[in-house]
Amino acid sequence: MRYKERELTYKSQRQEVFSKGKILGLVLRNLGQKEPERRYVVNREPIATQSTAANPLPVRNTQDLKFSGEKSTLIWKQNTTEVGCTTVFEVRLFCTNGQPYHITATDTFRCEVLIDQTAIPIVTEPAKGGMVGHDKIVVSFNPTLAGKYRIIIDMNGHSIGGENCRLKDYKPGLPDPSKTLFNDQSEMFIVQKYGNQTTKLIPKDRYGNLIPSSDDITMLIKKNTSEVLNAIKCDIKWTQEGCAIIWQVLQEGYFTGIITHTQGGILKQFKIICLRDDDAAEVCENVSRKKACYNGQRCDHNEQDECVAITLSPHHIQLSKKKMRILTKKLHCFKVCPSTKIILHNDPNVFTIDNGCGTCITMSSKSRELIAATYHQFRADISGGSMCFTEKQRNFYDQLKKHHFGAGDNCNTIVQICISRQHLLETAIEATRSFKKEDWIKHFKVIFRIDAGGLSREFFELLTEHCFLSKSGMFKAVDDSPQALVHPCTASLRPPNVDLSYYKFAGRIMGKCILECALGKPLLAKARFTRSFLVQILGLKATIQCLETDDPQMFNSITNYSVNNLDLFFVCEEYDVARTPKVVPLKKKGQSLPVTDENKIGVPQSFNRVQNDDISLNELIPEDLLAMFDEKELELLMCGTTDVSIEDLRRHTVVEGSGPKWEETVSWFWVAVQGFTSEDMSKFLQFVTGSSRLPARGFADLCYPIRVRSLDGQHERLPSAATCFNKLLLPTYDSYQHLHSALLTAINEGSQGFSMS
């Protein structure tokens, strides 16, 4: 007597049959004889094991056991139509007789998800190498592009699922303010009462997909945090390229404009100054005369009711006080640049001028709207009428070419210099020592000694690397990692031969690179400068906020704790080329000058190693043109941006761990990283390396390669990281969805700080 759990087929040569993971040993008789194919009948009754005339065994047709694509089905588990949400479906395999079909080693299962003929990453459970013996395959993917997706599933050339099941249309998500594009990035609009203004926007979701037309976008204005319904009239028109809002303000005054989406929230918020016709004409006259003068009163607690004269020009805002009715005493001077803000208060006539470097002056004037409108018109003229970096960069290049070449596009004159590779910096300085400005704007033809010739691009790349990244003694990294920011060395740590002429040369080289970019020949510095140094190049003072990027540990100490009783002085410890520590004063007599809560705001300014005049960047790049950029935009202008390449990341990542479960987790990890947005990737880099940006030469220049290490014995926990060694500690997970969710949670909640492994 034998009992069987399900129907099975055997042949005379087979000795073992698997059913539900248990081995049923069937000892067959007459192994040497070729017997006809037989079948056990599944039931709970005892049956005879030999065929007799009275009880013959039924014989199965072998065609019933073949795989059937028509009977196999596709079942949606998590069926969504919005991008960014994980889609999961299950493929169930069946035989021609309707029984489940189990994949064998000779079967070929294929699944692809395509959009516009481009395959996107998918995850299969079980993984591709472990499908043998299974009759169900779970497939998941994360669509990030809106559009029609085509799912191709087949096995052994037989298609699975109907045409309707294998086509899916994904819609964009909700608008994302950081991805939505506006034709004007201005923080303040100067408008005329009843005058039409047009604001164009291209609403996009967080993956950059264009949002289709809808009635969900609207615009309103507020005054003193309360909505003013009858003060604005707007009309919204949709085109294939986005949305145009045509609006006009019906009351003069100071307002806050808000563009909102019903479900996506606030897309843009800006200030509006609405002027009468005569006031608007006065602002135009101020701009044409390039000068405006108004009266005001100081409202600071220590300078209450002090009368001052406010003079505006395209380059400065000057506050002065009259003495003896004839002479004037200059009190403050603010540079017209992105860091200088005029902030209008809710109280009538009250406003503040803030230079972004710790100096804030609060005043009262009946002409405050005219003052603010004139200042913003001066700023708009400098930047070409747009606050968008791309537009400012294009206008900057045009004005720079016009400044040097007039109506012509460029200079066709060539100047030849001879350089030694072994002494690159010294010979370059010597070869250009007698150059005038007219020589620097010419095209360089570089001849390397011994070589038959060299390219100017190679020369500039080698030179900028030698100046800013090598141990030439001109610039120094804030720490020992290649990801570190660089700034000029202090005089006491420079080699004896490095004097201020070297920095003048470096400034000219940087100016030359910017000029070449304007001429369509991009030459970028392979370095990342400290924020305090970039601010200094713009002619501004470093602030305490600069330390947030340059030295986060010092920033936290200064801003969060009292320093009165810590015995701190205006000195720092630095290392020379021989790694010998040396105490360097940051100010005159800094060894005896204690840092207190009152003067700690001046710590960033003490790190200025060289003066702006010593850099000589303005010899080729006019200061008034640089004034249109802030320090972040200046870094983009000089150094460009480093896009993260997934292929480059994979080439420079070491995976540590073994086992089928770990290999499956790693494959899911790469699928998740492939679907990261640019913001997610920045947070991922911050989480793993401690910096949201890569070194100038990418992953290859990290101090340690990124290591993805298995957390032995840990399961379904959140990933952690050891930023000191660029190490990601990754547990194993039961599904792709769990890994994707845990990874996003970790990089969003833990991208600041570090852990110890």
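1. K290 has a relative accessibility of 54% and therefore counts as exposed, where exposed means over 50% relative accessible area, buried under 20% and partly exposed in between, with a 1.4 Å probe and protein chains only. The phi of K290 is near 60 degrees, a positive value in a residue other than glycine, and K290 sits in the loop between helix 1 and strand 23 (292–298). Helices (H or I, at least four residues) and strands (E, at least two) are DSSP runs numbered from the N terminus.

2. A word on the basis of these points. This is a predicted model, in which local features need pLDDT of at least 70 and side-chain atom pairs count only at pLDDT 80 or more, while totals for chains, interfaces and linings use all residues. Residues are numbered from 1 along each chain as its sequence is written, and side-chain values use heavy atoms, with hydrogens and water left out.

3. As for the protein overall, 16 helices and 39 strands are present, and 46% of the 757 residues count as buried. Among contacts with a separation of 6 or more, 62% come from residues 24 or more positions apart, a contact being heavy atoms within 4.5 Å.

4. Two further backbone features lie in loops. N156, although not a glycine, has a positive phi of about 55 degrees; this residue belongs to the loop between strand 11 (147–155) and strand 12 (158–159), and its 36% relative accessibility is why N156 counts as partly exposed. A cis peptide bond, with omega about 0 degrees, joins E125 and P126, and P126 is in the loop between strand 9 (123–125) and strand 10 (136–141).

5. Helix 1 (residues 277–289) and helix 2 (residues 368–383) have axes that come within 9 Å and cross at roughly 45 degrees. Axes here are lines fitted to C-alpha atoms, for helices over the stretch in contact, and angles run from 0 to 180 degrees between N-to-C directions. The two helices are therefore oblique to each other; angles under 35 degrees count as roughly parallel, over 145 as roughly antiparallel, 65 to 115 as roughly perpendicular and the rest as oblique. On the helix 1 side, D279, E282, V283, N286 and V287 meet L370, A373, T374, Q377, F378 and D381 of helix 2. The residues of this contact divide into five nonpolar, three polar and three charged, with Ala, Val, Leu, Ile, Met, Phe, Trp, Tyr, Cys and Pro taken as nonpolar, Asp, Glu, Lys and Arg as charged, and the others, Gly among them, as polar.

6. The axes of helix 3 (residues 389–405) and helix 12 (residues 631–639) come within 11 Å and cross at roughly 60 degrees, so helix 3 and helix 12 are oblique to each other. In this pair, F389, K392, Q393, F396 and Y397 of helix 3 meet E633, L636 and L637 of helix 12, and the contact residues comprise five nonpolar, one polar and two charged.

7. Helix 14 (residues 660–674) has 15 residues, which at 1.5 Å a residue should span 21 Å, and its end C-alpha atoms are 21 Å apart, which agrees; the expected span is 1.5 Å times one less than the number of residues. Its buried residues include W662, W668, F669 and W670.
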